[in-house]
Amino acid sequence: MKLNKFLLAIVAVLGLTYCTSDFVDINKDPNAVQGDQVTAKYFVTRAQVNLFAPDRYPYWRAQLINADRYAGMFCFGFAGSWWSDGLGYTYDPGYTDAAWDYYEGYNSTIDSYLELTQPGGVQENSLYYATALIMKSMFFQKFTDTFGEVPYSESGNLDILQPKFDMQAEIYHGIINDLDKAMSLIGDATKTGDGELELTSNDLFYNGDLQKWKKLANTLKLKVALRARGASGASFVDQAINEALSAPLLSDEPDNALLPKDNIISQWNSSCYGDVWYNFGGLGSKWTVSQPLIDLLQKNGDPRLSKYAQPAAGGDTLTIPHPDSDDDAMYQKRKDFILAALDDAGATYTEWTNGDGETVLSLDKNKYYIGQPVRMNRFMMNYARYELFSSPAQYIIQAKNEGEPIAPEIVMTTAESYFMQAQAALDGYGSGDANTLYREGLRQAMLVWGVDQTDIDNFLATSPMANLDGSNDMEKVAEQRWLANYTEGFEAWAVVRKLGYPASLAQGVQGKDGDIYAMGDLDGLYPQRMRYGSSPYSTNNDNLQKAITDQGPDVQATKLWWEK
């Protein structure tokens, strides 16, 4: 069984053409690769890429349409867009299945790597196995935080075709145990071996530096323990937090776990935002940056603003059309809502009425950062001109094959490490000073995005957001954790659900104006999870139904274990 799975894994490895030197060499002549020539290091790249930079289908449908927008960072729904910003808040099996299938499909990737390197495996190596355990832990943290109860303890067992769905408390406890085991296996080791056994450029996070992997594992341990804190049955939390705080965590700029974007690989093997941005023609696939994100940066003088977004394109004659379906009062109401967003951003514009009674605007080109209000309904698409709102920075939406750098995928940053330590200090853990930790988190968060040191120093010296002063301290920490996960929507969404900030997102739009907002299946509530995909309903329904009985209805409003 192990050998057969190993051979299947070799085929899987050869199916991914990734631009490390080893993969380029392999793909020149796949027939030249024999089973005994494939070492465990070739599996590391695939495990990293498949989890954080999957092919375009899940990158678009799972990440952009769902996670990034639940996180409240990106918006659809402007004139010319294919999609209303209500998309994702009303159940659509195509989009939900893309997320479920993406995670479920990753099982085979990580299971192959685990079985290959585990004790008795074809390529047994305790140090590679440690990295596999860490990748497994990152995977299941994302998987369970998206859906809730998922197959865990029986997942990957080829003798069990219908694995049970484990409770989140058990999954979280299992993740911490695996992380502890991985850190113990690494010990003082700095590399996985010599010669062919050494993990170098195939490791896209750390170039084979195992002590950085160990820090990554410990920081993830802190993350899951903080998230589980306060949940029923989370008896392991206090010990896990204290242990994590007493061991090395991600602590400086080189510790950032970032997945570089390949500039050549097909979007059907590994995707980036640019692959979606330019794929649907015109404005169809484009999106804007949200009002909560722009406001939080702009109103606190945060120098990351220009790193995250571009000024609104503006224009000399931007007409807001008057739909036949809207009477004059409705036209005025919806138009005024859009103009209020411009006013909120401090934009100056000229407004007049044309011969057809439509409002026309003149807004300086590429001058103002203006965020789009989230969750506007499909009727607002007639009013929300694309030129009125900020789009993501070019670095984020850069197309491939143009010789320009593309923003890496965020896996785990040193900034978040410090913010979580500050959060723990505010909750009474450890001996660190919350404000000192918080300020270092701010510095590290800006370094990730290439902010100039002078601008960092100025922000830390002058911004009202730069210090914890005893007032709304946890809110500040939560909002900075959220900002630090810009473009990593799954994690940013989890931060909002757990900590409740930014409050404007966590409160949802229930009770607000239905003429403006998309209430969806949630009746305006903030989404707490994604619905299960179609697959388990047809292949594992008995176990799925037990999970639904334990957890609650399979709807977006059902809170996860650590949210209750």
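Because the model is predicted, local features need pLDDT of at least 70 and side-chain atom pairs count only at pLDDT 80 or more, whereas totals for chains, interfaces and linings use all residues. Residues are numbered from 1 along each chain as its sequence is written, and side-chain values use heavy atoms, with hydrogens and water left out.

Helices (H or I, at least four residues) and strands (E, at least two) are DSSP runs numbered from the N terminus, and two strands are taken to pair if DSSP finds at least two bridges between them. On this basis, strand β7 (residues 349–353) pairs with strand β8 (residues 359–363) in the antiparallel sense over 5 bridges. Within this pairing, threonine 353 has threonine 359 of β8 as its bridge partner, and threonine 350 stands opposite serine 362 in β8. The two strands β7 and β8 form a hairpin with 5 residues between them, and glycine 357 in the turn has a positive phi of about 80 degrees. Strand β8 also pairs with strand β6 (residues 315–320), again in the antiparallel sense, over 4 bridges; here valine 360 of β8 is the bridge partner of threonine 319. Of the 5 residues of β8, 4 are buried (under 20% relative accessible area, with exposed meaning over 50% and partly exposed in between, for a 1.4 Å probe and protein chains only), so β8 is largely enclosed by the rest of the structure.

Helix α3 (residues 41–52) has 12 residues, which at 1.5 Å a residue should span 16 Å, the expected span being 1.5 Å times one less than the number of residues. The end C-alpha atoms of α3 are 18 Å apart, which agrees with that expectation. In α3, 12 of the 12 residues are buried, so the helix is largely enclosed by the rest of the structure; among them are Tyr42, Phe43, Arg46 and Phe52.

Threonine 288 is found in strand β5 (residues 288–289) and is buried, with a relative accessible area of 0%. Leaving aside neighbours within four places in sequence, threonine 288 is in contact (heavy atoms within 4.5 Å) with residues including Met73, Phe78, Gln372 and Tyr386. The side chain of threonine 288 makes a polar contact with the side chain of glutamine 372 at 2.8 Å, a polar contact being a pair of N or O atoms within 3.5 Å of which, within protein, one must be able to donate a hydrogen and the other to accept it, while residues adjacent in sequence count only if both atoms are side-chain atoms.
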